[in-house]
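I opened this model to look up how its parts are put together. My notes follow in the order I worked.

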Amino acid sequence: MLNGIHFLLTYTCNFECDHCFLYCSPWSKGTFTISQVTRVLDEARKIGTVEWIFFEGGEPFLFYPLLLESVRRAAERGFKVGIVTNAYGAISEEDAELWLKPLAEAGLSYLAVSNDQYHYGEASETPAMIAHRTAQRLGLDTEPICIEAPEVIQNSNDVDKGQPVVGGGPMFRGRAVEKLADGLPLRPWQDLHECPYEELESPSRVHVDAFGHVQVCQGISIGNMWDVPLSKIITDYQPEAHPVCGPLIRGGPAELSRACGRTPAPGYIDECHLCFLTRKAAIEQYPQALAPRQVYGLE
Ligand code: SF4
């Protein structure tokens, strides 16, 4: 049951992190207008099961007036509202309050701040920490998000017990595949037979972008909400019939690779690594389902 709509309010970001699974950067295009945000919020109401609206990116604070009004309009419609940000503007608690207090007054309930070495190196005091403290003081529910560097650990599963695998760290999709994959241990592609993270049969959340793509995982679109209303896309979604979700549900990235007629390499770091590279290679086969191209690093 769909519980959350996550707006990729913009693909533009002040950072260009190695682990970003959307390939965001200062040059990335694709920002909602306020009328598009409103249209999606009204559609979200029609769905009837959506409780949470998130605004993320990219970096949503880059378009602060749009963000503030979007939070207000979402809260007015009765949604709980969250933001995911790197909090770059929180250079002191007083400054953080300038950004956060109007959002709290507009109806924001939850703030997640990206606070890790990919965003802020080894700095001991970061804007994210300052924003986190300030949000607590303002009475917001708030959490840091910290992505560690990839760590090689011993496999504890019965199959291949003792073999080195990668634990924790970034997801191996998007720019992480290009920047962080080298030298890490690989698993046989046949073992990667289920999607470990997304509920593709009945998503509890979807991401939506300014190009209209409704994504069940970043870069897997189940429809374009500028062509078909979002509420209808959600109602009509038939996961088994979707050319990418169907194989993923039946047998994970390994089955997707077979369904796309690809010959995989012998090994991949994890499920997302095989899934992302298979999808990127198949993008011309399924241009509607594998979109937008820029999250594959292709534009
Ligand atoms: S396996 Fe594919 S669909 Fe599942 S979370 Fe990883 S990238 Fe997304």
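These entries cover the domains, the sheet, a helix pair, the ligand shell and some backbone details.

**Entry 1, domains.** I noted at the start that this is a predicted model. I then looked up how the chain is divided, and found domain 1 at 4–147 and domain 2 at 151–198 + 239–288. Taken over C-alpha atoms, the centres of domain 1 and domain 2 are 29 Å apart. I checked the contact between them: seven residues of domain 1 meet nine residues of domain 2. On the domain 1 side of this contact I have five nonpolar residues, one polar and one charged.

**Entry 2, the sheet.** I traced the strand order next. The sheet is open and has eight strands, running β5-β4-β3-β2-β1-β9-β10-β11, with mixed pairing. Which strands stand at the edges? They are β5 (141–145) and β11 (220–224), and each has a single partner strand, so one side of each has no neighbour in the sheet. From one strand to the next, I read an average twist of 25°.

Two packed helices are described by the angle between their axes and the distance between the axes. I looked up both values for helix α3 (residues 93–106) and helix α5 (residues 127–137): the angle is about 65° and the axes are 9 Å apart. The crossing of α3 and α5 is right-handed. From α3, the contact uses Glu93, Ala96, Glu97 and Leu100. From α5, it uses Ile130, Ala131, Arg133, Thr134 and Ala135. I sorted the contact of α3 with α5 by class and got five nonpolar, one polar and three charged residues.

**Entry 4, the ligand.** I listed the residues around the ligand: Arg173, Cys195, Tyr197, Glu198, Cys217, Leu248, Pro253, Glu271, Cys272, Cys275 and Phe276. Which helix gives the most to this shell? I found that α9 does, with four residues. Helices α8 (245–259) and α9 (271–281) each supply at least two residues of the shell. By class, the shell around the ligand has eight nonpolar and three charged residues, and no polar ones.

I went through the peptide bonds and wrote down two cis cases. The bond from Gly57 to Gly58 is cis, with omega near 15°. I placed Gly58 in the loop between β2 and α2 (64–76). The bond from Ala291 to Pro292 is also cis, with omega near 0°. Pro292 sits in the segment after α9.

Tyr23 is not a glycine, yet its phi is positive, at about 55°. I located Tyr23 in the loop between β1 and α1.

Methods:
Residues are numbered from 1 along each chain as its sequence is written. This is a predicted model: local features need pLDDT of at least 70, side-chain atom pairs count only at pLDDT 80 or more; totals for chains, interfaces and linings use all residues. Axes are lines fitted to C-alpha atoms, for helices over the stretch in contact, and angles run from 0 to 180 degrees between N-to-C directions. A crossing is left-handed if the near helix is turned anticlockwise from the far one by less than a right angle, and right-handed if clockwise. Two residues are in contact if their C-beta atoms, placed from the backbone, lie within 7 Å. Ala, Val, Leu, Ile, Met, Phe, Trp, Tyr, Cys and Pro count as nonpolar, Asp, Glu, Lys and Arg as charged, and the others, Gly among them, as polar. A residue is near a molecule or strand if its C-beta atom, placed from the backbone, lies within 6 Å of it. Domain bounds come from an automatic or database domain assignment. Two strands pair if DSSP finds at least two bridges between them.
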